[in-house]
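Let's take a walk through this structure together. Have the sequence and the 3D view ready as you read.

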Amino acid sequence: MFARTLRLFFYLAQLLLLVAYIGYWGADRFEVKHAELPANTLKGAGPLKIAYFSDLHNRRDHFEAVVEEIEQAKPDLIIFGGDLIFALERLTRTRQLVQGFRRLSAVAPVYAMLGNQDYEMLPQVERIFATAGVTLLRNQAADWTATNGTVIRLVGLGDWTEGDENPAACLSEGDSEEKPVLLLSHNPESRHELGNYDWDLMLSGHTHGGQLGIPFTDKYICFRSDMPCGLYPYDRDRRIFVSKGIGGSMRMRFFCTPELVILEQK
C-alpha cells in the first residue's frame, strides 16, 4: 500500500513538473502578429500602421524583443495598452524601461493607457512614461495627424477595473465627433458603458488571452471577458481589438503566446 502511494505521488509530481514546464515554455515564447483592420475603420485616415502591445508585467526580456521588432516595423503610431508592472513584484531597474520607451519614441509617437496593476505604483509608472517621452492618456484626449493629413482623436480612459474611467471628460456623445476616434481602454468589459459615446476603434488588453488556448483551434479560455483576444466587431461599424499581452500571472501560458501586434489599415 505504501509503495503504491509512493508511486502515485511520484507520477503526480512528474505530471505537475511537465505542466509547469509547458507553462513556462509558453510564457517564454514571443510572436509578432499582423492584423488587418477593415477598410476605413478609422475613417479617412488611409493606410496606417499601428504597433500595439499590452500587459508587460515586468517582462523586460520580452520588452527588449518588442522594441527591436517595432524598430524594424517602423509603424506610424505606437500604443502601449497598460499594466507596465506586476503589482506583487518590486519595480526595479527602471532605466531599461525608460531607455526602451525612448527608443520607441524615436521611431514614432508613443501613447499609453493605464492598466489596473499600474495604480499600485502609479508615481513610478507616470515618471517612466514622462521621462521617456511617452504621452500617458488618463481620461484625456489628444489629436494625432496621420500621414495623409487626417487628424485622429486619441482618447485614453482611466482603468475600468479600478473605477477610474471618466468617458464624459474626453469622449463626445452620439455621433457628434467629426474626427475618427481611437479609444484606449485597458479592460474590454468597459465597452458596456461606452455604447453611447462616439468612437471607432477600441484597443484593450487585460485578459492575457486567458493564458490558456485550445491547441489547433485558435480559441482561448478566458474568465475575464468574452473577448479574450483578437479583433471583434461591435455595434454598428465599430471594432475592438484585444491583445493577449506580453506578461501574465505566474509567468505561465499554455498555447497562448505573448504577442506584439501590428495593426494595419490599408
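Which residue takes a positive phi just after α2? That residue is Lys74, with a phi of about 50°. Helices (H or I, at least four residues) and strands (E, at least two) are DSSP runs, numbered from the N terminus.

A word on the ground rules: this is a predicted model, where local features need pLDDT of at least 70 and side-chain atom pairs count only at pLDDT 80 or more, while totals for chains, interfaces and linings use all residues. Residues are numbered from 1 along each chain as its sequence is written, and side-chain values use heavy atoms, without hydrogens and water.

Now look at α2 itself. Its buried residues (under 20% relative accessible area, 1.4 Å probe, protein chains only) are Arg60, His62, Phe63, Val66, Val67, Ile70 and Ala73. They lie on the same side of α2, because they cover an arc of only 145° around the axis, taken from the directions from the helix axis to the C-beta atoms.

Next comes the largest nonpolar core, with 33 residues. Such a core is a set of buried Ala, Val, Leu, Ile, Met, Phe, Trp, Tyr and Cys residues joined through side-chain atoms within 4.5 Å. Elements that each supply at least two residues include α2 (60-73), α3 (94-107) and β14 (259-265). Leu104 is among the residues with the most contacts inside this core. Leaving aside neighbours within four places in sequence, Leu104 is in contact (heavy atoms within 4.5 Å) with Phe53, Phe63, Val67, Ile70, Ile78 and Val110.

Finally, find the open sheet of six strands, ordered β6-β7-β8-β9-β13-β12 with mixed pairing; two strands pair if DSSP finds at least two bridges between them. Its edge strands are β6 (140-145) and β12 (230-233). Within it, β9 and β13 pair in the parallel sense over four bridges, and Leu203 stands opposite Phe241 in β13.

Notes
Buried means under 20% relative accessible area, exposed over 50%, partly exposed in between (1.4 Å probe, protein chains only).
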